[in-house]
Amino acid sequence: MAEPHAHAAAHDDHDHKPHGWRRWVFATNHKDIGTMYLVLSCTMFFIGGIAAECIRLELFRPGLQFFDPQFFNSLTTMHGLIMIFGAIMPAFVGLANWMVPMQVGAPDMALPRLNNFSFWILPFAFTLLIGSFFVPGGAPAGGWTMYPPLILQTGAAFPMLIFSVHLMGMSSILGAINVIVTIMNMRAPGMTLLRMPLFVWSWLITAYLLIAVMPVLAGAVTMLLTDHFFGTTFFTAAGGGDPVMFQHIFWFFGHPEVYIMILPAFGIISEIIPTFSRKPLFGYEAMVYAVASIAFLSFIVWAHHMFTVGMPLAAQLFFMLSTMLIAIPTGVKVFNWTATMWKGSLSFEPPMLFALAFLFLFSIGGFSGLMLAMVPADYQYQDTYFVFAHFHYVLVTGALFSIIAAVYYWLPKWTGHMYDMKLGTWHFWLSAIFVNVLFFPQHFLGLAGMPRRIPDYAVQFTDWNMVSSIGAFGFGLSQLLFPYLIIKCIRAGRAAGNRAWEGAHGLEWELPSPPPFHSWTTPPSDAVIARGAAH
Amino acid sequence: MDVAPLSIEIRPNCSLTVRGARLLFASACVMPFGMGGFLALKGFWPILPFAGLEMLLLAWALKVSLERRFHSQTITVTESNVSVESRQRLGTERVVFPRHWAQVKLRRPAASLHPSRLTIESHGRQCELGSFLTEEERRGLARRLARAIGRVNESPSWP
Ligand SMILES: [Cu+2]
């Protein structure tokens with residue numbers, strides 16, 4: 001039979017134009033939805049970033065220069081909520097949408113319409129949340145942790161806050177359910193659990209954590225709502241309730257939530273380091289077990305956020321020791337990443353640079369976490385800038401850097417183009433330097449006793465605050481390079497090929513993406529067909 | 001010359017068994033209901049209904065996804081016909097095309113990131129094949145079908 005004949009018969013040249021906005025509103029394709037998540041995340045990152053820059057602007061000098069204290073507190077609260085629920089979480093969900101089906105050999109996510117719904121909840125949630133700036137009483141100012149009774153004093157924004165948290169939680173739950181079902185039910189034959197890439201593993205465990213704790217958050221904020229509007233007294237001491245119980249419940253959600261924001265990062269780093277070391281990951285199974293045990297431990301450490309509320313000594317000891325236990329699986333991971341690089345043939349493209357920065361700087365955040373875990377020391381550190389420094393090392397140089405690394409790693413796969421390596425390297429060095437200028441001095445400020453969430457401070461803190469603010473301006477400006485680089489890469493660039501990085505392994509690198517229709521020249525092997533097509 | 005009918009059966013892959021799904025569901029219930037129940041005993045009951053709602057949703061999602069195991073399509077190419085039998089859990093649908101007029105078309109996606117669509121068409125009727133396959137699997141199938149059906153298209157013989 002003539003080959004060209006079959007080719008012509010199978011080929012249809014009718015072009016259907018993408019149907020504009022409908023493509024996105026009714027999107028069910030995992031790549032489209034992943035893209036929307038990432039775009040939303042980037043947008044929210046810059047909005048949250050503007051809040052952060054305003055905070056650092058006010059703190060550049062002692063005294064009140066730009067904002068009144070109430071608005072300053074709104075800025076810190078909204079910065080936290082927007083960055084956590086708007087920037088970091090959607091970015092990881094977007095990465096999962098893009099990569100999980102490709103990495104497990106599935107055609108799409110398990111529940112494409114649910115996937116559409118879980119994304120489109122978010123724009124409404126954030127419109128509501130950001131809209132609260134414009135209602136009487138201003139945006140919520142009681143801190144992202146929403147502790148009562150303070151948060152109950154929020155003005156007209158209060159129900160908006162609660163409802164938007166509900167929506168964000170719902171979106172996370174739907175996303176998590178979709179990820180779990182996809183990973184469990186849509187794996188290609190031969191893709192056993194212990195052959196899954198670590199990004200998939202880390203997301204499976206993350207989704208488990210999300211399902212475990214999201215109802216707790218939903219219930220907690222609902223009780224705030226009923227306390228405020230319907231006369232219940234869950235957290236009101238005057239009616240027999242217990243405000244400290246809110247802290248317990250919140251952090252029972254909150255600590256696993258912190259790990260929800262870092263476990264996928266572990267997965268990403270475990271993909272990138274082997275690629276650019278041109279060696280397989282050291283201790284794959286140990287990595288899986290380490291992630292699982294970190295997830296398990298996250299349920300029994302919550303009270304380390306509230307040592308100073310007054311707890312029995314035994315409880316303080318328990319939470320101190322369980323917290324310190326986390327250092328063990330985390331140490332295993334850091335050791336294995338380092339061992340992966342050992343005697344590897346390293347190269348330093350932007351994804352690897354960000355992954356290496358993650359390794360160093362996340363470890364700094366880990367160590368300051370250990371310091372905070374010590375009860376007697378924590379009495380000093382509690383509510384100071386030391387805590388800020390700690391969790392920004394974890395969430396900025398940890399979670400955010402891993403997201404940037406992931407984008408640099410998979411961008412050629414998504415667009416089919418290589419990006420501007422030189423610009424990416426510039427982006428890395430500017431980010432890595434300024435982020436330390438920004439956050440490292442906050443350790444000193446905290447140890448010297450500067451409290452968090454204040455618009456003004458005593459003059460002896462001036463120098464390091466100025467340094468920190470300069471770091472913030474530099475860091476913020478250098479992030480503008482990132483969307484510029486991405487847009488440039490989408491528009492044009494050297495063709496990336498299937499395997500953009502020579503050291504990359506895994507199913508996603510076997511596929512041409514975006515699929516080039518006109519270069520359909522080699523027939524797929526029967527082995528590929530046999531996977532699902534022939535029975 | 002008689003050619004044995006060619007039959008290709010395609011089905012989506014289901015890596016989860018029903019038993020596995022039950023286990024997964026049970027283990028996912030432990031934390032939400034455990035913590036929700038404990039706090040309800042302490043008087044903080046509003047967590048429990050959310051846990052229940054969430055688990056209902058997970059159960060629904062697992063059930064919907066497990067339906068995949070009942071789906072399949074059988075394409076049979078005989079000397080005179082191309083038939084496609086699509087099975088779902090409830091009911092089977094069968095479409096028959098005259099072989100000489102049947103065309104296999106791999107339709108290019110509307111957007112470059114979307115999957116292709118494979119159809120058999122004839123006389124304005126069409127039937128989509130393998131929407132549940134991965135891109136490479138579908139392309140492989142397209143190629144096989146084009147070859148199988150194309151071979152007979154050459155056949156009108158001179159008496
Ligand atoms: Cu914690």
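**Helices, strands and cysteines in a predicted model**

Trainee: In this predicted model, helix 11 (residues 313–325) and helix 12 (residues 327–341) of chain A have axes that come within 5 Å and cross at roughly 15 degrees. What makes these two helices of chain A roughly parallel?

Mentor: The angle decides. Helix 11 and helix 12 of chain A cross at roughly 15 degrees. Angles under 35 degrees count as roughly parallel. Helix 11 and helix 12 of chain A are therefore placed in that class.

Trainee: Which residues make the contact between helix 11 and helix 12 of chain A?

Mentor: Helix 11 of chain A brings T323(A), M324(A) and L325(A). Helix 12 of chain A brings A327(A), I328(A) and P329(A). Those contact residues divide into five nonpolar, one polar and no charged.

Trainee: Why is C42(A) called partly exposed?

Mentor: Its relative accessible area is 25%. Buried means under 20%, exposed means over 50%, and partly exposed lies in between. C42(A) is therefore partly exposed.

Trainee: And C29(B), is that cysteine buried or exposed?

Mentor: Buried. C29(B) has 14% relative accessibility, and the limit for buried is under 20%.

Trainee: What makes L145(B) buried?

Mentor: The same test applies: under 20% is buried. L145(B) has a relative accessible area of 0%, so L145(B) counts as buried. This leucine lies in helix 3 (residues 135–153) of chain B. K105(B) is 40 residues from L145(B) along the chain, and their C-alpha atoms are separated by 9.6 Å.

Trainee: Now the sheet in chain B. What is its strand order?

Mentor: The four strands run in the order 1-2-3-4, with antiparallel pairing, in an open sheet. Why do strand 1 (6–10) and strand 4 (92–98) of chain B stand at the edges? Each has a single partner strand, so one side of each is left without a neighbour in the sheet. The twist averages 10 degrees from one strand to the next.

Trainee: How do you know that strand 1 and strand 2 of chain B pair?

Mentor: Count the bridges. Pairing takes at least two. Strand 1 and strand 2 (residues 72–77) of chain B have five bridges, in the antiparallel sense. E9(B) stands opposite T74(B) in strand 2 of chain B.

Conventions
Residues are numbered from 1 along each chain as its sequence is written. Chains are lettered from A and ligands numbered from 1 in the order in which they are written. This is a predicted model: local features need pLDDT of at least 70, side-chain atom pairs count only at pLDDT 80 or more; totals for chains, interfaces and linings use all residues. Side-chain values use heavy atoms; hydrogens and water are left out. Buried means under 20% relative accessible area, exposed over 50%, partly exposed in between (1.4 Å probe, protein chains only). Axes are lines fitted to C-alpha atoms, for helices over the stretch in contact, and angles run from 0 to 180 degrees between N-to-C directions. Angles under 35 degrees count as roughly parallel, over 145 as roughly antiparallel, 65 to 115 as roughly perpendicular and the rest as oblique. Contact means heavy atoms within 4.5 Å. Ala, Val, Leu, Ile, Met, Phe, Trp, Tyr, Cys and Pro count as nonpolar, Asp, Glu, Lys and Arg as charged, and the others, Gly among them, as polar.
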